[in-house]
Amino acid sequence: MSFSTGKRTLSLARREALWAYAFIAPWTVGFLIFTIGPMLASLFFSFTDYNIIDSPRWIGMTNYVNLFHDDLFWHALGVTFKFAVIALPLGMVFSYTIAVLLNSKIKGINIWRTLYFLPSVIAGVAVALLWGRIFDPKFGILNPFLEKFGIQGPGWLSDPQWAITALVIMSLWGVGGNVIIYLAGLQGVPTDLYDAAKVDGATGWQRFRYVTLPMTTPVIFYNLVLGLIGTFQYFTEVYVLTNGAGGPARSTLFYNLYLYQNAFKYFHMGYASTMAWVLFIIVLGLTLLIFRSSELWVYYEGQIKGK
Amino acid sequence: MQAAFLEQLKTDYLGIDYDVIFKSIDYLDKPNNEEWIPEWGKIEDALNNGLSLVYSGTEKDAKKVLTDANAEVQKILDEYWATHK
Amino acid sequence: MTSFKNPKADQSRFTGIQTQSLLLKSVTTFILAAGAAIIMIPFLYLLSTSVKDRDQLRQSPPPLIPMAADTVNINGQAEPLYEVTMNGQVRKMALIKFRPGGKALFVDPANPEQTYELLIADQKELRHVEIHFENYPDALKQMKFNKLLVNTLLVTFLGMAGMLFSCSLVAYGFSRFRAPWLNVLFILLLSTIMLPSQVRLIPTYVFFNKLGWVDTLLPLIVPQFFANAYDVFLLRQFFMTIPLELDDAAKIDGASPLQTLMYIIIPQARPALVSVSIFHFLYAWNDFYEPLIYLHSPDHWTLAVGLQTFNALYTVNTNYIMAASAVMILPPIILYFLAQKVFTQGVVFTGIKG
């Protein structure tokens, strides 16, 4: 629909497009300045030796080679993966189960929901400080509690073997955030599916297995992807509990923490940029893997698969 | 109790400006007297790691901890000097 | 999809379902209650520890209600009081010296010369409730709370203003218009949610350093004025539920798109705007990573960084640390209780179904 009164008048579609671009300008500008620009710059830095004071010095692939040979790099990857492999599945099972429970129509369900969501709104710093004290083998409350059952509790955060486990336990306290999302997903399952299943004579467990679970796979997928990325960004709690050292004996040296040390403690900006890009590629690869696999197990509305 | 201690100090040791002493406590080891060493951040972390190995009871052989830490610090410095002649 | 219900079949199983339902409900309630109790324990520990003094902290295992030993003055020293059973009589005596074999010397305060050596385990320690509320003002003063609070509030609310301003504009652009490449840009926006921040971090720091903005609050506030993917997505989904007829009505009245946004969309979108504001508050209040990187001098720290430093210096004073932590988590908790619905509603709009 264009008014051909000369080049001065813009067509309606054109005008609409210009308005659109104008409105999203804050984001596009920000995207260039704070996302694309820095990404390209850090790629550049990864090939240099840069300590922020002197200008970057080109050293080619040296950073990547050094990274490959860096024991701490592999160790940090190992720590992060170990945590992910334990905390992610555990967290997902926990939060999904709690969401199912919180989805029941029992009296006062809102009170329970309030209580379970509560820990997730609290600062990472405060959570870490609180749990650091709880885990204290002498003055905390976890070990005395275990002793009542005759279990001799370990040193938790001061024991290299148990530090990661302690962090996992601490992360489970805050599952509330994920529970909210699962709850929304559960509530979005159409009730007529349940009715149809009941008519077919399905038991509660069968209804769960063949209606609830498949219909909530999109939410599980969403939480899985974000959870994985979140694990690689894990920083605050570790830093607070170990004073930035990743101890004891480097047993909690997460990838993000090691990157932070390299960038802002040792001022190896080039090396840290290398770490950042390697991280990006790893996360990208894992995310693509999950996306690919999702075709096998994620059911979207409108898709007809299986029962 | 601190006030009484201070008074005792003042009578025991005359002619000292205690104000300077108390204010300078804030600056103890700041900046660290070993900060001039290249890669000090990395070296400090390596040494602290050695300490935490001992404190957590993982390594009971003090000599091994010292040798390992020494090797690690040496490696850090070697890498540094290789690129900064 | 119609569901066929056989009324007879339902009725015959009626009582079965009733009892089964009741059993299920009580089991569920029980499990939820047990879980909730476990979740509340750390909070109780936080509060109880925050009002103890140095000696009370060393009690192992730590009691829930802060207790301190009753003491009595004997020869200028405060000695703990015990309820002692001796010769069938129960008396209050003070423990003045420990002895090997789990025994100790006890004296009657009225008659301090006469000592009795008895087994400690047989006696009952006398305690009273002792709560040190002064830990709170003490801790807050030590950590220079006021300055930290001001900085945190500045970062939080100025950032919130920037976020609301930019995200509304961008969400409006993505929801109400058609333009070439708009869908591609939107997908690009969404993909940035999954981008690990480390890959942008260092050059951004270098950039702010060159601007001289490091060690100021600016790097934490200014980027908020350029919209962020998560809030834009939430707002856009909500905007799309607002009927287009309203837009058309405004257009007929001659309103420009900007006016439509300001006078039609925004007022309608209040729930979503409140949601994203609350989410932003929680994010900014709790943020530790970026303030740690950009804020160096103690005068510029936010609460999160200040609390961590306070902990590093005063680790031994667990009571002060707990008190300070309790104060820091209070505003988010209050906000949470005031805005209950927001959390469940806000997330639903992310359209998790894909």
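The secondary structure of chain C comprises 16 helices and eight strands; helices (H or I, at least four residues) and strands (E, at least two) are DSSP runs, numbered from the N terminus. The model is predicted: local features need pLDDT of at least 70, side-chain atom pairs count only at pLDDT 80 or more, and totals for chains, interfaces and linings use all residues. Residues are numbered from 1 along each chain as its sequence is written, while chains are lettered from A and ligands numbered from 1 in the order in which they are written.

**Overall form of chain C**

- Chain C has a radius of gyration of 31 Å, whereas a compact globule of 354 residues would have one near 20 Å; the radius is taken over C-alpha atoms, and the globule rule is 2.2 Å times the number of residues to the power 0.38.
- Along the principal axes, the C-alpha atoms of chain C fill a box of roughly 100 × 80 × 35 Å.
- Of the 354 residues of chain C, 36% are buried, a residue being buried if 20 or more other C-beta atoms, placed from the backbone, lie within 10 Å of its own.

**Contacts of chain A**

- In chain A, 81 residues are in contact with 81 residues of chain C; contact requires C-beta atoms, placed from the backbone, to lie within 7 Å.
- Helix α2 (residues 25-45) of chain A supplies the largest share of the side that touches chain C, namely eleven residues.
- That side of chain A divides into 61 nonpolar, 14 polar and six charged residues; Ala, Val, Leu, Ile, Met, Phe, Trp, Tyr, Cys and Pro count as nonpolar, Asp, Glu, Lys and Arg as charged, and the others, Gly among them, as polar.
- Twelve residues of chain A are in contact with eleven residues of chain B.
- The side of chain A that touches chain B has five nonpolar, three polar and four charged residues.

**Helix α11 of chain C (residues 257-268)**

- The buried residues of α11(C) are Pro257(C), Thr260(C), Leu261(C) and Ile265(C).
- Viewed down the axis of α11(C), these residues fall within an arc of 95 degrees, so they line one face of the helix; the arc is that of the directions from the helix axis to the C-beta atoms.
- Their cover includes α1 (12-23) of chain A, together with α5 (145-176), α9 (229-239) and α10 (244-252) of chain C.

**Strands β5 and β6 of chain C**

- Strand β5 (residues 103-108) of chain C runs antiparallel to strand β6 (residues 111-119) of chain C, and six bridges join them; pairing requires at least two DSSP bridges.
- The two strands, β5(C) and β6(C), form a hairpin with two residues between them.
- Ala104(C) stands opposite Leu118(C) in β6(C).

Notes:
Contact = placed C-beta atoms within 7 Å. Buried ≥ 20, exposed ≤ 12 C-beta atoms within 10 Å, placed from the backbone.
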